[in-house]
Amino acid sequence: MGTLRLDEVDMFWTDCRFEPGPGWPAIRPLFDASRDAWLAHDLKAALAADERIRQEGLVLVPEGDGEPVRDFVIRIRGDRARFKW
């Protein structure tokens, strides 16, 4: 789907630059729906959109050492991404 490049970590979220890969166009509408629902303060739609993203089975795979992360929340908007687990 893409590559995340770490920018900074705050208390709960990890902020990254997002570099889309070839699989991004197919999954982007799910992230757009999540973003739009959160911006509209539509909690029900936002949680449903986030669940559809989780159902895709995405995995965060660290470069080098480290175990893949399967249980996380991620937001992607343009070339920016943030996630927490």
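Me: How many nonpolar, polar and charged residues are in the lining of the second largest pocket?

Reply: The model is predicted: local features need pLDDT of at least 70 and side-chain atom pairs pLDDT 80 or more, while totals for chains, interfaces and linings use all residues. Residues are numbered from 1 along each chain as its sequence is written, and side-chain values use heavy atoms, leaving out hydrogens and water. A pocket is an open set of points on a 1 Å grid over the protein atoms alone, with protein on both sides within 12 Å along at least five of seven lines; lining residues have an atom within 4 Å of a point. Here the lining has eight nonpolar, one polar and six charged residues (Asp, Glu, Lys and Arg count as charged; Ala, Val, Leu, Ile, Met, Phe, Trp, Tyr, Cys and Pro as nonpolar; the others as polar).

Me: Which residues lie closest to the centre of the second largest pocket?

Reply: Of its 15 lining residues, they are Arg-35, Arg-75, Ile-76, Arg-77 and Arg-82. Helix 1 gives the most to this lining, five residues.

Me: And which residues lie nearest the centre of the largest pocket?

Reply: Leu-4, Val-59, Leu-60, Val-61 and Pro-62, out of 17 lining residues. By class, 13 are nonpolar, two polar and two charged.

Me: At what angle do helix 1 and helix 2 pack?

Reply: Angles run from 0 to 180 degrees between N-to-C directions of axes fitted to C-alpha atoms over the stretch in contact. Helix 1 (residues 24-39) and helix 2 (residues 43-55) pack at about 160 degrees, with axes 8 Å apart. They are therefore roughly antiparallel (over 145 degrees).

Terms used
Helices (H or I, at least four residues) and strands (E, at least two) are DSSP runs, numbered from the N terminus. Angles under 35 degrees count as roughly parallel, over 145 as roughly antiparallel, 65 to 115 as roughly perpendicular and the rest as oblique. On a 1 Å grid over the protein atoms alone, a cavity is a set of points where a 1.4 Å probe fits but cannot get out, and a pocket is an open set with protein on both sides within 12 Å along at least five of seven lines; lining residues have an atom within 4 Å of a point.
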